[in-house]
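Welcome to this guided tour. Open the structure in your viewer, keep the selection tool ready, and follow along one stop at a time.

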Amino acid sequence: MTAILNFFKKILGAASQTQQKKTSRVGKIYSRSEHNISRSQISENALKVLYRLKKAGFDAYLVGGCVRDLLLGREPKDFDVATNASPEQVKRTFRNCRLIGRRFRLAHIYFGQEIIEVATFRGGEAEEDSGQQVVHEDGRLLRDNVFGTIEQDAWRRDFTVNSLYYNIRDFSVVDYTGGMEDHAKAVLKLIGDPVTRYREDPVRMLRAVRFAVKLGFSIDPETEKPIYELTELLRGIPAARLFDETLKLFMSGYGLQTFEMLRHYNLFAVLFPDSDKCLETEDHDFPRVFLVKALQNSDNRVAEGKTVMPYFLFAAFLWEPLQLEAKRLMDSGENEAFAYQHAASGILNRQVKVTAIPKRVTQSMREVWLLQSRFTKRSGVRPYRLLSHPRFRAAYDFLLLRAQAGDVDAELADWWSRFQQVDEAEQKKMTRPAKNSRHKGRSRRSGKFRSKKTKSNTHE
Ligand code: ATP
Ligand code: MG
């Protein structure tokens with residue numbers, strides 16, 4: 001125990017010496033009466049963690065997004081804690097604790113559904129030959145598993161407003177980077193030299209857009225300027241991380257505004273190159289209208305507390321590229337069904353290289369796409385079969401969007417809406433084959449299917 005403590009003190013000591021070289025600024029303290037964060041806004045479990053750490057003799061702060069959101073009077077998504085206790089010390093303080101992470105050890109404290117993340121202060125700089133900080137040749141930080149002081153922890157965060165600490169000891173807010181002033185001005189400012197900070201982690205460009213939209217903050221001109229030139233750096237980011245970021249960008253209820261802003265900075269092109277190409281080369285309004293409708297629809301759903309499915313939105317993003325590709329294949333002689341299947345594979349293979357969309361998601365996207373052609377088949381048993389498809393609901397919602405965007409006749413969408421509402425007798429009338437198509441409708445396959453259904457006395 002003493003050995004561990006000594007070891008930890010040694011690291012902190014070394015780290016704080018390095019820190020003094022780097023910044024001379026001390027934290028500004030905003031006392032309880034100078035800010036609007038009250039304990040009643042803080043999750044009980046987060047408070048328990050803070051108090052327990054304090055009782056065990058450690059420093060404990062709320063930090064990051066939760067402090068930023070509390071200052072805005074908003075309910076934070078989650079509560080993160082920063083402390084001078086090492087992960088092992090945290091683990092010893094809590095029974096319901098698990099240490100996670102290879103890149104940087106973090107403690108997760110479990111309270112039923114809620115997890116409070118506790119991170120040990122991180123150092124900004126490692127001793128040169130310690131081997132603990134690894135920088136890629138393009139300036140990207142690959143590994144930085146070095147503990148540090150609260151000051152260092154503050155300076156290595158991304159935006160000033162994300163670098164505020166709520167101290168459980170006296171309920172003050174500690175600010176090393178000028179975050180309180182920026183917060184009051186509603187400005188998003190990167191800490192340090194923006195180009196260096198983007199080079200270290202290009203995802204910060206996406207985070208700038210995400211927070212600007214979510215908080216309604218403006219991006220400081222110095223933070224904004226380099227983005228236009230650095231977008232390409234995002235190509236070096238692992239596809240799995242970009243997928244996670246994409247979800248946060250588009251699924252949190254501000255998708256439409258986020259899309260517009262990403263387009264403005266040419267960041268959308270990096271995330272969805274095929275979709276962006278369609279937007280660039282469109283000779284009519286449809287793709288843009290379609291994307292906008294899809295995003296609006298999903299933002300509305302979030303606002304109403306309904307779930308939004310990533311596959312639906314991604315299917316919408318890539319619908320126009322899919323159609324162009326399928327058309328190209330049909331022009332070169334493939335039949336429609338194969339053309340759509342091959343086009344779907346091609347589009348998805350390209351997209352997963354940029355954003356690693358998991359297989360279950362691409363599978364559902366493919367289903368939503370491939371079911372679209374089946375909506376035009378309205379006679380006989382086919383509508384019933386489509387109706388009982390597990391992905392019918394999503395495919396139908398997709399059809400409604402297409403109708404709203406003018407990609408398909410509104411009459412078709414209306415027919416399907418009605419078909420779901422009317423009683424069996426009416427459904428039967430609706431699906432009665434037109435007289436002249438009756439003969440044509442009796443293909444070998446549908447005939448076979450029909451006789452089976454007759455036996456079980458379903459429809460007919
Ligand atoms: P959200 O409300 O979306 O969770 P957040 O600010 O909490 O916003 P997180 O991704 O949860 O965002 O990160 C928590 C904190 O960790 C941030 O507030 C910031 O201080 C720090 N952080 C996260 N990502 C980075 C990064 N790429 N570079 C530097 N600091 C980061
Ligand atoms: Mg967070």
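**The whole chain**

Begin with the surface display: the protein chain has an accessible surface of about 23500 Å², and 49% of that surface belongs to carbon and sulfur atoms. Accessible areas here come from the Shrake-Rupley method with a 1.4 Å probe, and for residues only the protein chains shown count as cover.

Before you go further, please note that this is a predicted model, in which local features need pLDDT of at least 70, side-chain atom pairs count only at pLDDT 80 or more, and totals for chains, interfaces and linings use all residues. Residues are numbered from 1 along each chain as its sequence is written, chains are lettered from A and ligands numbered from 1 in the order in which they are written, and side-chain values use heavy atoms, with hydrogens and water left out.

Now switch to a cartoon view. The protein chain has 25 helices and 12 strands; helices (H or I, at least four residues) and strands (E, at least two) are DSSP runs, numbered from the N terminus. Of its 460 residues, 49% count as buried. Buried means under 20% relative accessible area, exposed over 50%, and partly exposed in between (1.4 Å probe, protein chains only).

A contact means heavy atoms within 4.5 Å. Among contacts in the chain with a separation of 6 or more, 68% join residues 24 or more positions apart.

**Stop 1: ligand 1**

Select ligand 1 and the residues around it. Which residues come nearest to ligand 1? Of the 16 around it, they are Arg 68, Asp 201, Arg 207, Arg 210 and Lys 214. A residue counts as near if one of its heavy atoms lies within 4 Å of the molecule or strand in question.

Colour this shell by class and you will find one nonpolar, three polar and 12 charged residues. In this scheme Ala, Val, Leu, Ile, Met, Phe, Trp, Tyr, Cys and Pro are nonpolar, Asp, Glu, Lys and Arg are charged, and the others, Gly among them, are polar.

Next, look for polar contacts, which are pairs of N or O atoms within 3.5 Å; within protein, one must be able to donate a hydrogen and the other to accept it, and residues adjacent in sequence count only if both atoms are side-chain atoms. A side-chain N or O atom of Asp 201 is 2.7 Å from a nitrogen atom of ligand 1. For Asp 158, a backbone N or O atom lies 3.1 Å from a ligand 1 nitrogen, while for Gly 65 a backbone N or O atom lies 3.3 Å from a ligand 1 oxygen. On its own, ligand 1 has 590 Å² of accessible area, and the protein covers 82% of it.

**Stop 2: helix α8**

Both α3 (65-71) and α8 (203-215) supply at least two residues of the ligand 1 shell, and the largest share, five residues, comes from α8. Select α8 and follow its 13 residues: from first C-alpha to last, α8 reaches 18 Å, close to the 18 Å expected at 1.5 Å a residue. The expected span is 1.5 Å times one less than the number of residues.

Is α8 enclosed or open? Because 13 of its 13 residues are buried, α8 is largely enclosed by the rest of the structure.

**Stop 3: Arg 169**

Select Arg 169 in the loop between β9 (164-167) and β10 (173-175). Arg 169 counts as partly exposed, at 44% relative accessibility. Leaving out residues up to four places away in sequence, Arg 169 touches Lys 54, Phe 58 and Asp 59. Its side chain reaches the backbone oxygen of Phe 58 at 2.9 Å. Tyr 61 is 108 residues from Arg 169 along the chain, yet their C-alpha atoms are separated by 8.6 Å.

**Stop 4: helix α22**

Move on to α22 (residues 410-421), where Leu 412, Ala 413, Trp 415, Trp 416, Ser 417 and Phe 419 are buried. These buried residues pack against α20 (382-387), α21 (392-404) and α23 (424-430).

**Last stop: Asn 266**

Finish at Asn 266, in the loop between α12 (255-264) and α13 (268-271). Its phi is near 60°, a positive value in a residue other than glycine.
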